[in-house]
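Have a look at the picture, then read on.

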Amino acid sequence: MTGIHRFETLLGPLQAAFDSDDAVIYLGFADHEFREALRAKLARLSLVVDPPAGAMARLREQLDSYAAGRRTGFEVPFRLHGSPFEQRVWAELQRIPFGETRSYGQLATVLGDPNLSRAVGRANGANPVSILVPCHRVIGAGGALTGYAGGLGMKERLLRLEGALRE
């Protein structure tokens, strides 16, 4: 897909897309198969075909610094495109501190309805900016690791890196 740029990081190969303001509008794992809904959403956005080298370098540097254990947050500008409910869920994801996790049920309760766990899970899975918006910090009831676009091995790796999982 034009406008999606593959690059190597200490986390492995990733893909990113930027808008005309150099904001990241997609960040995902290079081996991730695009779901049709995500492909359609990205096709409606104005992706920059050739983002400025500085924007790519800043993103790579911060991701590598995070992977090396030297960074707990990101200062890369990003823009999220989604439904009002998705926006609410993604805002809550950004409130989960480094090194902590929340369950889908906990997020649903914070959003005002404990019965929204599945809807929270769908919105979490639709997050277009992996890692920067920490959807990996959401786990199943009882601490079970559940679905992640980068695979459960990557989710476990990220949570261990952050100290949210112990041996």
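This is a predicted model: local features need pLDDT of at least 70, side-chain atom pairs count only at pLDDT 80 or more; totals for chains, interfaces and linings use all residues.

**Starting with the sheet**

Let's begin with strand β2 (residues 12–18), which is joined to β3 by five bridges, the two running antiparallel. Residues are numbered from 1 along each chain as its sequence is written, and side-chain values use heavy atoms, leaving out hydrogens and water.

Now zoom out to the whole sheet. Three strands form an open sheet in the order β1-β2-β3, with antiparallel pairing (two strands pair if DSSP finds at least two bridges between them). β1 (5–9) and β3 (24–29) stand at the edges with a single partner strand each, so one side of each has no neighbour in the sheet. From one strand to the next, the twist averages 30°. Helix α2 packs on the sheet and touches β1, β2 and β3, its direction making about 35° with that of β1. Contact means heavy atoms within 4.5 Å, while axes are lines fitted to C-alpha atoms, for helices over the stretch in contact, with angles running from 0 to 180 degrees between N-to-C directions.

Next, find the loop between α1 (36–44) and α2 (53–67), where Val48 sits. Is Val48 buried or exposed? Its relative accessible area is 18%, so Val48 is buried (buried means under 20%, exposed over 50%, partly exposed in between, with a 1.4 Å probe and protein chains only). Leaving aside residues up to four places away in sequence, Val48 touches Gly3, His5, Phe18, Asp19 and Ser20.

Over to helix α5 (residues 117–125), whose buried residues are Ala119, Val120, Ala123 and Asn124. These cover an arc of only 140° around the axis, so they lie on the same side of α5; the arc is that of the directions from the helix axis to the C-beta atoms. On the other side of α5, Arg118 and Arg122 are exposed. The cover over the buried residues of α5 includes α3, α4 (104–110) and β5 (138–139).

Finally, Glu92 lies in helix α3 (residues 84–93). With a relative accessible area of 16%, Glu92 is buried.

Methods:
Helices (H or I, at least four residues) and strands (E, at least two) are DSSP runs, numbered from the N terminus.
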